[in-house]
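Thanks for coming, everyone. I'll keep this short and walk through one structure. Have a look at it first.

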Amino acid sequence: VPWLGTCTPLTASLSDVQTAADHLRDQGWARLPRLISQDGCQALVDHFDARRREGHLSLDLRVGRHTDADADAGTAWHDALTPVLEAVTGRALRRTFSFYSSYFGEAELPRHTDREACAWTLSILLRAQPAGTKWPLEVWPTDRPASADATLLHVREGEAALITGRTLPHGRSPLAAGACVDVLLLHWVPL
């Protein structure tokens with residue numbers, strides 16, 4: 001299994017963890033830099049591309065994405081990243097499910113909050129094509145009016161946005177035509 005050897009998170013510095021913890025507590029979201037190496041991202045993309053070719057991914061034309069729920073690779077990364085998320089949240093966590101999504105066309109995620117199993121949601125950017133494609137996660141802090149502009153969470157490949165998914169409204173504007181974005185979504189609840 002080629003991706004298994006890459007399933008070691010990059011070492012987050014103590015200041016990265018503290019900065020993320022402070023921001024998560026104050027804003028309901030945080031960026032986590034240097035989470036997965038480029039080799040790790042590529043191995044995951046290759047793995048899920050192979051699963052797509054073999055017919056294991058679901059196609060959701062309503063949104064414009066291929067998906068794979070709780071695949072072995074997602075679960076392995078979920079386990080590997082739980083200690084990092086516990087350090088950031090300051091809580092003992094139980095993983096609930098992982099979800100790989102490969103968005104295409106003019107995919108859009110309307111503003112929403114997550115279901116009960118998603119107290120914390122980690123959205124890891126694995127690939128954005130063509131190079132330089134931006135598709136930020138948009139969050140609307142609950143202390144602002146619903147009509148307020150969203151905060152845009154830009155991350156690079158191997159980085160992630162962490163949100164309190166059940167309470168923080170979030171979504172994504174339409175993806176640029178011809179672009180493709182692959183993300184691994186990991187979800188936790190407190191123990």
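Start at Gly 55. This glycine follows α2, and its phi is positive, near 85 degrees. Before we go further, a caution: this is a predicted model.

Now back up into α2 itself, residues 38–53. How far apart are the end C-alpha atoms of α2? They are 22 Å apart. The helix has 16 residues, and at 1.5 Å a residue these should span 22 Å, so the two values agree.

Which residues of α2 are buried? The list is Gly 40, Cys 41, Ala 43, Leu 44, Val 45, His 47, Phe 48 and Asp 49. In general, an α-helix has 3.6 residues a turn, so residues three or four places apart point the same way. Keep that in mind as you look along the list.

Seven strands form an open sheet in the order β1-β9-β6-β11-β4-β3-β2, and the pairing is antiparallel. β1 and β2 (58–60) stand at the edges with a single partner strand each, so one side of each has no neighbour in the sheet. On average, neighbouring strands here are turned by 25 degrees against each other, ignoring direction.

Leu 32 stands opposite Ala 160 in β9.

Most residues other than glycine have a negative phi. Is Arg 34 buried, exposed or partly exposed? Arg 34 is partly exposed, at a relative accessible area of 44%.

Now α3. This helix lies across β1, β4, β6, β9 and β11, and it runs at about 120 degrees to β4. α3 also packs against α1, residues 14–27. The angle is about 60 degrees, and the axes are 8 Å apart. The two helices are therefore oblique to each other. From α1, the contact uses Val 17, Ala 20, Ala 21 and Leu 24. From α3, it uses Ala 87, Val 88 and Thr 89. Six of these contact residues are nonpolar, one is polar and none is charged.

On to the other sheet. Four strands form an open sheet in the order β5-β10-β7-β8, again with antiparallel pairing. The edges are β5 (109–112) and β8 (151–153); each has a single partner strand, so one side of each is left without a neighbour in the sheet. Inside this sheet, β7 pairs with β10, residues 170–172, in the antiparallel sense over two bridges. Glu 138 has Gly 171 in β10 as its bridge partner.

One last stop, just ahead of β7. Which peptide bond is cis? The bond from Gln 129 to Pro 130 is, with omega near -5 degrees. Most peptide bonds are trans. Pro 130 lies in the loop between β6 (120–129) and β7 (137–139).

That's the tour. Questions, please.

Methods
Residues are numbered from 1 along each chain as its sequence is written. This is a predicted model: local features need pLDDT of at least 70, side-chain atom pairs count only at pLDDT 80 or more; totals for chains, interfaces and linings use all residues. Side-chain values use heavy atoms; hydrogens and water are left out. Buried means under 20% relative accessible area, exposed over 50%, partly exposed in between (1.4 Å probe, protein chains only). The expected span of a helix is 1.5 Å times one less than its number of residues. Two strands pair if DSSP finds at least two bridges between them. Axes are lines fitted to C-alpha atoms, for helices over the stretch in contact, and angles run from 0 to 180 degrees between N-to-C directions. Angles under 35 degrees count as roughly parallel, over 145 as roughly antiparallel, 65 to 115 as roughly perpendicular and the rest as oblique. Contact means heavy atoms within 4.5 Å. Ala, Val, Leu, Ile, Met, Phe, Trp, Tyr, Cys and Pro count as nonpolar, Asp, Glu, Lys and Arg as charged, and the others, Gly among them, as polar.
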